[in-house]
Amino acid sequence: MNKAIYFAAAFAFLTNVPLKAQNQYKSNISKMYQGKEINNKFDKEIARLLVQMTLEEKIGMLHGNSMFTTGGVERLGIPELKMADGPLGVREEISRDSWAPAGLTNDFATYYPAAGALAATWNPNLAYTFGNSVGQELRARDKDMLLSPAINIVRTPLGGRTYEYMTEDPFLNKKMTVPMVVGLQDNDVMACVKHFAANNQETNRDFVDVQIDERTLREIYLPAFEAAVKEGKAYSIMGAYNKFRGEYLCENDYMLNKVLRDEWGFKGVVVSDWAAVHTTVKSLKSGLDIEMGTPKPFNEFFLADKLLAAVKAGEISEKEIDLHVERILRTLFQVKAMGANDRVKGSIATEAHYQDAYKIAAESVVLLKNDNNALPLNLNGIKSIAVIGNNATKKNALGGFGAGVKTKREVTPLEGLKNRLPSSVKINYAEGYLERYEEKNTGKLGDITLNGPVTIDKLDDAKVQEAVEAAKNSDIAIVFAGSNRDYETEASDRRSLKLPFAQEELIKKVVEVNPKTILVMVAGAPFDIKDISTKTNALVWSWFNGSEGGNALADVILGNVNPSGKLPWTMPVDIKDSPAHATNSFPGDKTVEYKEGILVGYRWFDTKKVEPLYPFGYGLSYTTFSFEKPTTDKKVYQENEMISVSVSIKNTGKLDGKEVVQVYASKPDSKVSRAAQELKGFQKVLAKAGKSELVTIKIPVKDLAFYNVDTKKWEVEKGKYILHVGNSSRNNNQQISINIH
Ligand code: BGC
C-alpha cells in the first residue's frame with residue numbers, strides 16, 4: 001500500500017467514514033488561490049529608464065492623459081498604461097477625452113454576471129473562472145488593468161451599487177475576491193481592487209466623511225482588501241471618492257501608507273477613482289500614485305502641471321516622484337506590458353467565455369420559495385405559459401450610470417424560455433408594467449438623473465388588461481419583476497425597498513386570475529417582497545446575470561439545472577430592521593457614523609434577534625439534503641492550529657444537487673462584544689441523488705480572532721467556542737463545542 005492510500009484508509013477507519021466517501025470528498029476540496037508577487041528582477045532596468053526620463057515625462061505617467069490611459073514615454077519604449085472598467089466585463093471603448101462611446105465595431109465583449117450573482121454561487125472556483133475569463137478579454141482588447149473587482153461591503157440594502165458588490169459578509173467577500181484577482185492576473189494584467197475603502201453609499205459620495213471605529217474597520221470593511229493584497233497579490237488598488245476620518249481616501253495617509261503599504265506590504269499602484277483627487281503634494285505623499293478623472297484638460301489635473309510647479313518650488317522632491325514612477329514601471333514589467341514578447345494575447349466574446357458566464361449564472365440563481373413543488377415546471381399537460389413583465393425582455397448589460405458592457409449576446413428571460421421550451425408550448429407574453437421615470441418635480445416623463453431615478457409607480461390600464469388576459473388564458477403564469485440597471489445605479493442610492501413601477505399591484509392582479517403564478521425577481525439588491533411572496537407558490541431570485549442569464553434562468557425554471565445559489569446578504573422584512581437604518585445612521589450628511597459597528601448584515605439580525613424575510617446564506621434546491629452530526633478532528637486546539645470540521649451530507653431526494661455547507665462560529669462569554677455568530681468556512685458540494693458526501697472544512701484557529709484595539713493586534717480569545725453547521729445562517733442547529741488553549 002503506498003503512503004497516501006495508507007493514510008486515507010487509516011483516516012477513514014478512525015473517523016468511521018467509508019473510503020469511497022473520503023475519495024469523493026477529496027475531489028471537492030476547493031483550491032487554494034495564491035497570486036504572484038511583483039518581481040524585483042526588473043529594478044535594474046527601471047533604474048536605467050529613470051535616469052533617462054525628464055521630469056515632465058515622469059509626471060506624465062502619474063495622471064490620466066486620456067479617460068482611461070496614463071502617459072507613456074515612447075522614445076524609451078514605455079507604453080501608456082491602458083485601463084478598462086469593470087465588474088460586468090470589459091467596458092466598451094469610449095473617446096479619449098469624454099465619456100462618449102468611441103463608436104468602434106470591435107469592442108463587443110462578454111457580459112458577465114454582476115458581482116452579487118457571483119457571490120451567490122458561493123463557489124470560489126467560479127470566481128477564478130470569472131477572473132480568468134474576463135482577463136482573457138482584457139488582453140484581447142490590449143489593456144493592462146481591469147477596474148475590478150468591486151468589493152465594498154453591502155452595508156445597506158439601499159446602496160445603489162449593491163449589485164456591483166459581493167456581499168455583506170467579510171469572509172464570503174474575501175473567499176470570492178482572492179480567486180477573482182488571481183484568475184484575472186494570471187493573464188498578464190492587473191486587477192484594480194476598488195473602492196478602497198469604507199465606500200458603502202452613493203449618497204454624498206463625493207464628500208461624505210465616514211466614521212468607523214477601528215475594530216469594525218478591521219473586522220468588516222478591510223478583510224477582503226487585505227486578502228486581495230496579501231493572498232491575491234493584487235497589483236493595483238483604487239482609492240475611493242469619500243472621506244474617511246476627515247481625509248479623502250485618495251489622500252489618506254493612514255489607509256494608503258500605514259495600512260495598505262506598511263502593514264500589508266502592498267507593492268503595486270494606487271489609482272484614484274475618477275476625479276477623486278483634491279490636492280497635489282498631499283495626495284502623492286499620502287500614498288496615491290495615479291490620478292484619473294473626468295473631462296477637463298488633462299494638464300489641469302492635480303498630478304499634472306500643478307505637480308511640475310510643486311517640484312520646481314521645492315515642495316516635493318524629484319526623488320519622491322521617482323518612487324511613484326518606479327511602482328508603475330514595476331507593474332508594467334510584471335504584466336509584460338514592456339520587456340517581454342510572450343504576453344497573453346487573449347480572446348474575446350468567444351463561445352467558451354459565454355459558457356463561463358453561463359456557468360456562473362446557473363449557480364447563482366436562488367430558489368427562495370417552492371411550495372407544493374411548483375418548480376421545476378412540470379410540462380405534462382402544459383399547453384401555454386403567460387410570460388409577464390417588462391423584466392422578461394429588459395437588457396441590463398448597459399444602463400444607468402457607471403460601467404456596462406457592449407455585447408452581442410444578452411439572452412433575456414423571455415428568449416431563454418423560448419430557447420428551452422418545446423415548440424408545443426405557447427408563450428403568451430405581456431409587458432405588464434412600464435419602466436417609466438419622471439423628470440424631477442414636473443410630473444412629465446423623463447430620464448434617470450444623477451440625483452436618483454424618480455419612478456412613475458402607476459400601471460397602464462391597457463398593459464394590465466393584456467397581462468391579466470394572458471394569465472387567464474394560460475396554464476401557468478410567470479411574472480418577471482424586480483429592477484434593472486437604470487433603477488439600481490451608481491451615483492445614487494435607492495429611497496426605499498419598494499418595487500418600482502407599481503409592480504406589486506400588477507403581480508397581485510395576475511395571481512388573482514391565475515393561482516399557478518411563479519414570481520421571478522431579476523434584481524441586484526433586496527426588495528420588499530414580503531406580501532407578494534405569500535401570494536405565489538414559487539419565488540426565484542435572479543440577478544443582472546450576464547450574456548447567458550436568460551438561458552440559465554430558463555434551465556433552472558425547467559429543472560435542467562438544480563438551483564444552488566445562496567443569498568449573499570440578508571433580505572429584511574422592513575428597511576428599518578437593517579442595521580444602518582435601525583441605528584438611524586444612513587446616509588448622513590457631511591458625516592456618516594457607522595453606528596451599528598461590527599453588527600453588519602446577519603450579524604445584526606442574529607444578535608438582536610430580528611427575523612429577516614430571507615436570511616443570509618439561504619437558498620433552496622429541488623432536492624433535499626440531510627446533515628449528519630458534524631465532528632471536529634479534535635476538541636482542544638492551540639492558536640496556530642487548524643480546525644477540521646467534517647460533516648456527511650446526504651442527498652435524500654431524487655435529483656442530483658449542490659449544497660453549500662456553512663460553518664459559523666460563536667464565542668460564549670467573550671470579554672468583548674461579539675456578533676451572535678460569524679461565517680468562518682463554507683464548501684459547495686455536489687451530491688448525487690441518494691448519495692452521501694463527506695465535507696471537510698478547514699478553519700485556522702486564528703480566524704476566530706477579534707481585533708483588539710488596545711494592542712492593535714488580532715487576538716484569539718482562549719476558551720470555549722461553538723461551531724454551528726448547516727446550510728444557511730438560520731438553519732445551522734448542528735453544533736460542536738471546541739476549546740482553544
Ligand atoms: C466609479 C469607478 C469606475 C470609474 C471609471 C467611477 O465613477 O466609481 O468604479 O471605475 O468611475 O469609470
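1. The model is predicted, so local features need pLDDT of at least 70 and side-chain atom pairs count only at pLDDT 80 or more, while totals for chains, interfaces and linings use all residues. Residues are numbered from 1 along each chain as its sequence is written, and side-chain values use heavy atoms, with hydrogens and water left out.

2. The ligand is surrounded by 14 residues, and the closest are Asp85, His195, Tyr241, Asp273 and Glu490.

3. An N or O atom in the His195 side chain is 2.7 Å from an oxygen atom of the ligand. For Asp273, a side-chain N or O atom is likewise 2.7 Å from a ligand oxygen. A polar side-chain atom of Arg161 lies 2.8 Å from an oxygen atom of the ligand.

4. Helix α15 (residues 413-420) packs against helix α19 (residues 549-558) at about 60°, with axes 7 Å apart. Helices are DSSP runs (H or I, at least four residues) and strands are E runs of at least two, numbered from the N terminus; axes are lines fitted to C-alpha atoms over the stretch in contact, and angles run from 0 to 180 degrees between N-to-C directions. The angle makes α15 oblique to α19; under 35 degrees would be roughly parallel, over 145 roughly antiparallel, and 65 to 115 roughly perpendicular, with the rest oblique.

5. In this pair, the contact (heavy atoms within 4.5 Å) includes Pro413 and Leu417 of α15 and Leu553 and Leu558 of α19. By class, it has five nonpolar, four polar and two charged residues. Ala, Val, Leu, Ile, Met, Phe, Trp, Tyr, Cys and Pro count as nonpolar, Asp, Glu, Lys and Arg as charged, and the others, Gly among them, as polar.

6. The axes of α6 (residues 124-140) and α14 (residues 351-364) come within 10 Å and cross at roughly 150°, which makes α6 roughly antiparallel to α14. Among the contacting residues are Phe130 and Glu137 of α6 and Lys359 and Ile360 of α14. The contact divides into three nonpolar, four polar and four charged residues.

7. Most residues other than glycine have a negative phi, and most peptide bonds are trans. The loop between β11 and β12 holds Asn372, a non-glycine residue with a positive phi of about 55°. Pro376 lies in the loop between β11 (366-370) and β12 (384-388), and the bond joining Leu375 to Pro376 is cis, with omega about -5°.

8. The peptide bond from Phe196 to Ala197 is also cis, with omega near -15°. Ala197 sits in the loop between β5 (190-196) and β6 (209-211).

How values were computed
Near = heavy atom within 4 Å. Polar contact = N/O pair within 3.5 Å; in protein donor to acceptor, adjacent residues only side chain to side chain.
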